[in-house]
Amino acid sequence: MPKVKIYSLSTCSHCRATKQFLSDCTVKYSFVDVDLLEGEERKSIIEDIKKLNPRCSFPTIIIGDKVIVGYKEKEIKEALGL
Amino acid sequence: MDAQKLYEQLKKVQEPKGYYFNDDKKRTLELLESLIKNKERYGYMVCPCRLASGDKEKDKDIICPCEYRISDVEEFGSCYCNLYVSKEWNQGSIDKEYVPERRPPEKMF
């Protein structure tokens with residue numbers, strides 16, 4: 001199973017749905033709620049996200065070497081090989 | 001202010017304009033709770049699905065209802081975060097597509 005990382009917001013419904021979906025599929029993931037970060041840490045994470053998704057929208061999901069922007073179930077499943 | 005109260009207040013104002021709350025009530029109330037949280041956090045109800053800068057002037061296009069709601073509901077039947085939708089979207093007579101971010105990237109700090 002490829003590594004899964006999510007850049008999310010604690011208040012975002014699409015981010016919540018993505019996390020729920022992965023949990024339902026028993027897929028392990030790590031995440032960062034960017035709205036809860038402050039100062040330099042926040043700036044540096046935003047720069048990282050922009051490299052993957054210039055719009056810096058959420059969720060930005062990294063599955064292996066694939067980047068999926070938004071809660072797109074079909075694409076997520078494909079990237080996970082489910 | 002609790003989410004249910006905000007729901008009733010906004011419904012009265014927004015429905016006559018043709019903007020309906022998503023009839024997935026659980027999700028709608030969660031989004032309204034997030035709006036209340038953002039009001040406490042930033043002082044204004046910024047979109048829960050976008051990263052706010054904390055500067056009201058920079059964030060004004062994403063204060064709910066955001067500037068992009070009109071175009072998004074027109075094209076997709078729903079705003080970006082699925083809080084406000086059209087009658088057809090709730091009825092299921094149009095496809096519930098993922099609404100892409102319309103905010104120009106240069107607005108993102």
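Predicted model: local features only at pLDDT ≥ 70, side-chain atom pairs only at ≥ 80, totals over all residues.
Visitor: Which residues of α2(A) are buried?

Guide: They're A:Arg42, A:Ile45, A:Ile46 and A:Ile49. Buried means under 20% relative accessible area, so each of the four falls below that cut-off.

Visitor: How do you know that the buried residues line one face of the helix?

Guide: Look down the axis of α2(A): the buried residues fall within an arc of 105 degrees, so they line one face. On the other side, A:Glu40, A:Lys43 and A:Lys51 are exposed.

Visitor: What makes the reach of helix α2 of chain A close to the expected one?

Guide: Helix α2 covers residues 39-52, which is 14 residues.

Visitor: Now the nonpolar core. Which residues touch the most other members of the largest one?

Guide: Out of 40 residues, that's A:Tyr7, A:Val34, A:Phe58, B:Leu32 and B:Leu83. The elements giving two or more residues are α2 of chain A, plus α1 (3-14) and α2 (25-42) of chain B. The largest share, 6 residues, comes from α2(B). There's a second, separate core of 13 residues too, including A:Val4, A:Ile6, A:Ile61 and A:Leu80.

Visitor: What does A:Phe58 touch, not counting residues up to four places away in sequence?

Guide: In chain A, its partners include A:Tyr7, A:Val34 and A:Ile49. In chain B, they are B:Leu51, B:Tyr80 and B:Tyr98.

Visitor: Why is B:Glu101 called buried?

Guide: Its relative accessible area is 14%. The cut-off for buried is under 20%, so B:Glu101 counts as buried. You'll find B:Glu101 in the segment after α5 (87-91) of chain B.

Visitor: What does the side chain of B:Glu101 reach?

Guide: The backbone nitrogen of B:Arg103, at 3.0 Å. Polar contacts need N or O atoms within 3.5 Å, and this distance is inside that limit. Leaving aside neighbours within four places in sequence, B:Glu101 is also in contact with A:Arg55, A:Ser57, B:Arg50 and B:Tyr80.

Visitor: How many residues does the contact take from chain A and from chain B?

Guide: Chain A gives 22 and chain B gives 25. Together the chains bury about 1,800 Å², with 53% of it on carbon and sulfur atoms. A:Thr11, A:His14 and A:Arg55 supply 36% of the area that chain A buries against chain B, more than any other three residues.

Terms used. Residues numbered from 1 in each chain as written. Chains lettered and ligands numbered in written order. Heavy atoms only, no water. Expected span 1.5 Å × (residues − 1). Buried < 20%, exposed > 50% of the residue type's maximum accessible area, 1.4 Å probe, protein only. Arc of directions from axis to C-beta. Core = buried A, V, L, I, M, F, W, Y, C linked by side-chain atoms within 4.5 Å. Contact = heavy atoms within 4.5 Å. Polar contact = N/O pair within 3.5 Å; in protein donor to acceptor, adjacent residues only side chain to side chain. Buried area = accessible area lost by both parts, 1.4 Å probe.
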